Amino acid sequence: MRVLLIGANGYLGRFVADRLLADPAVQLTALGRGDDADVRFDLASGSPGALTRFLDAVHPGVVVNCAGATRGGARELTRHNTVAVATVCEALRRSGCGARLVQIGCGAEYGPSQPGSSTAEDAVPRPGGPYGVSKLAATELVLGSGLDAVVLRVFSPAGPGTPAGSPLGRLAEAMRRAMQSGDGELKLGGLGVQRDFVDVRDVARAVHAASLSAAQGVINIGSGRAVRLRDAAAVLARVAGYGGALHELDGPPGPLRPSIGHPRSEPDHGAPLAYPYPDGCGSWQQADVRTARDRLGWRPRINLEESLADIWMEAACRI
């Protein structure tokens, strides 16, 4: 099976590439903007016609799209998350390769949900920010394309390679600095939110399974369990061997409430501004993952403690 992987150098794409390369039946071709891609192509600015010619030449059986942007303004997010997917869909429609499309979506497409609930694929999406809106638009393009396609809505990925700018990455970096400076206490805000964390290697397994399956539509990929960020902080402190006290700066949002969701806007001696958790999903999100089990034969295998241990190992080695 020849697989064309778009976005192989991204956070998710690197692990998807490793998983696909481990399958001796897969012939992998990587397409992306980086110099180390097999083929250089920018989906946000390249034409569908150029991509069609490449598809006809390579003739993949599966196209996996892991490319996209998680940060930036609405225009940038739309270019990289929506326009790029429109290019892929149009190129596949024009091509004679007949490839199956596996599109990586995200849990932010659903937006806020009721605390205690599990979000299933038939929930009405109400994204709470431009990132979720851009990804939802991409999903709708895929579902309306008429292609053999599946969208994997990945909830909150964690594990090795977690970006330092993500909430878990910032948490690990704050702990590293506290240990390095010998601080006996660590003050953090924004720990009340609860998210469904799923290890990036389990996500890669789901992509592999989706590539081999005939499943179509939307499929949630998560752990099926919401975890409060303050509990994740406690686990991280344990695996890091941090013996100091964790103090949560709770209370309603205000100018004196710092958050680990975004960097501080002022020096440490100033009063940082508060920001919401950056995905626009409110205080709670938990995936219903029964469809992934039933249609892909997929279940998460790696627990959050192992994911956090890997995040800490990378943070601890950072200079």
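Strand 5, helix 4 (residues 130-143) and strand 6 form a right-handed β-α-β unit. Here right-handed means that, with the strands pointing away from the viewer, the path from the first strand over the helix to the second runs clockwise. Helices (H or I, at least four residues) and strands (E, at least two) are DSSP runs, numbered from the N terminus. The model is predicted, with local features needing pLDDT of at least 70 and side-chain atom pairs counting only at pLDDT 80 or more, while totals for chains, interfaces and linings use all residues. Residues are numbered from 1 along each chain as its sequence is written, and side-chain values use heavy atoms, with hydrogens and water left out.

Strand 6 has two parallel neighbours. Strand 5 (residues 100-106) is joined to strand 6 by six bridges, and the two run parallel; two strands pair if DSSP finds at least two bridges between them. Within this pairing, Ile104 has Leu152 of strand 6 as its bridge partner. Strand 10 (residues 217-221) also runs parallel to strand 6, with five bridges joining them. There, Val151 is partnered by Val218 of strand 10.

Strand 6 (residues 149-154) is mostly covered, with six of its six residues buried. Buried means under 20% relative accessible area, exposed over 50%, and partly exposed in between (1.4 Å probe, protein chains only). Ala149, Val151 and Arg153 point one way from the strand, Val150, Leu152 and Val154 point the other way, and all are buried.

The charged end of Arg153 sits over the ring of Tyr110, 4.6 Å from its centre; the criterion is NZ of Lys or CZ of Arg within 6 Å of the ring centre and within 35 degrees of the ring normal.

The structure holds one aromatic pair. Tyr110 and Phe155 have ring centres 6.0 Å apart and planes at 35°, so the pair is tilted. Rings of Phe, Tyr and Trp (its six-membered ring) pair if their centres lie within 6.5 Å; planes under 30 degrees apart count as stacked, over 60 as edge-to-face and the rest as tilted. Because Tyr110 lies in the loop between strand 5 and helix 4, and Phe155 in the loop between strand 6 and strand 7 (156-158), the pair ties together parts that are 45 residues apart in sequence. Tyr110 is buried at a relative accessible area of 3%, and Phe155 is buried at 5% relative accessibility.

Elsewhere, Gly297 is found in the loop between helix 8 (290-296) and helix 9 (304-316). Gly297 counts as exposed because its relative accessibility is 58%. Its C-alpha atom is separated by 8.9 Å from that of Ala206, 91 residues apart along the chain.
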